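This report describes a ligand site and some ring contacts. The structure comes first, and the notes follow.

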Amino acid sequence: VSRATQGELWSVDPAGWAARTEALDRPLLEAVLARLAAGPGDRVLDVGCGTGLLCALAARRGAEVTGLDAAPGLLAHARASVPAATFTEGDLEALPFADGAFTAVTAVNVLPYADDRRRAAAELARVTRAGGRVVATVGASPDEQESAALIDPLAPPADVPDWERGPDLREPGVLAALLAGAGLDVVDDGEIAFAHEHADVDRAIAAQLPAGPVEAAVRHSGRAAVEAALRTFFIPRARPDGSVRQPVAYRTVVASKR
Ligand SMILES: C[S@@+](CC[C@H](N)C(=O)[O-])C[C@H]1O[C@@H](n2cnc3c(N)ncnc32)[C@H](O)[C@@H]1O
């Protein structure tokens, strides 16, 4: 999962990601900021910031905010829509920041994209100031695993997260052990669960298309095959009125730096 390839795949539809996809996870981003207790006086770094919604919410809480991502398209959208924050292009495995530069660091659904997750975790710890906090999440619902099992085989293996390369980050305790291994003290290992609501199956499918792994599958296997796979996934989740409820759950670890 190289930074250059991911940056390109994730830049396919920044406006679509912001409007249709990132917005669905707003409850997660709010919960992450609540766990971080981010506020005035904090210097927050969001690693894998996407189009910047978490950065916008953190800035609204009074923090000084920086977002980092590999995708130039997402960053251009973030810069235009969140002027209160600073955005930097870079790699989560080699953060272009000084040791201890931030009081609070978030990595929401981005660690699975690291080639070397230990290195990525070490970078999160390195840029956090002593006494600062780190919150990391990974999608861990059975539904998400089921949709990944349908879509990932349609993409080149190198372009999607390799869940089997090490202990599965979606399993309880694995993300916490990763952060502990980077020298952080784990304060909480829990799950944030809610549901994505879609007006209908077509809109549920449209909300998946701006994501990097889905774009990788579209390029490799064609849009028709990907839409067919997503339809197979969403149709059983449609209510009689056509609307779709997609349960999501995010393993969420809060850690602090000594
Ligand atoms: C699932 S999205 C999460 C975005 C955002 N944190 C959110 O929750 O809406 C994964 C993000 O990781 C970024 N990404 C992928 N590989 C990366 C890398 N090597 N370095 C930095 N960011 C990367 C993608 O561009 C994308 O914005």
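## Ligand surroundings

In this predicted model, the ligand is surrounded by 19 residues, and the closest are Gly-48, Asp-69, Asp-91, Leu-92 and Val-108. Sorted by class, the shell around the ligand consists of 10 nonpolar, 5 polar and 4 charged residues.

On its own, the ligand has 600 Å² of accessible area, and the protein covers 96% of it.

## Aromatic pairs

Away from the ligand contacts, the rings can be described in turn. There are 5 aromatic pairs in the structure. One of them joins Trp-10 and Trp-17, with 5.0 Å from centre to centre and 85° between the planes. The pair is edge-to-face because the angle between the planes is over 60 degrees.

Are these two residues, Trp-10 and Trp-17, buried or exposed? Both Trp-10 and Trp-17 are buried. Together with Tyr-113, Trp-10 and Trp-17 make up one aromatic cluster.

## Arginines over rings

Two arginines lie over aromatic rings. The charged end of Arg-170 is 4.1 Å from the ring centre of Trp-163 and sits over that ring. Arg-237 lies over the face of Phe-233, 3.8 Å from the ring centre.

Conventions: Residues are numbered from 1 along each chain as its sequence is written. This is a predicted model: local features need pLDDT of at least 70, side-chain atom pairs count only at pLDDT 80 or more; totals for chains, interfaces and linings use all residues. Side-chain values use heavy atoms; hydrogens and water are left out. Rings of Phe, Tyr and Trp (its six-membered ring) pair if their centres lie within 6.5 Å; planes under 30 degrees apart count as stacked, over 60 as edge-to-face and the rest as tilted. Buried means under 20% relative accessible area, exposed over 50%, partly exposed in between (1.4 Å probe, protein chains only). A charge sits over a ring if NZ of Lys or CZ of Arg is within 6 Å of the ring centre and within 35 degrees of the ring normal. A residue is near a molecule or strand if one of its heavy atoms lies within 4 Å of it. Accessible areas come from the Shrake-Rupley method with a 1.4 Å probe; for residues, only the protein chains shown count as cover. Ala, Val, Leu, Ile, Met, Phe, Trp, Tyr, Cys and Pro count as nonpolar, Asp, Glu, Lys and Arg as charged, and the others, Gly among them, as polar.
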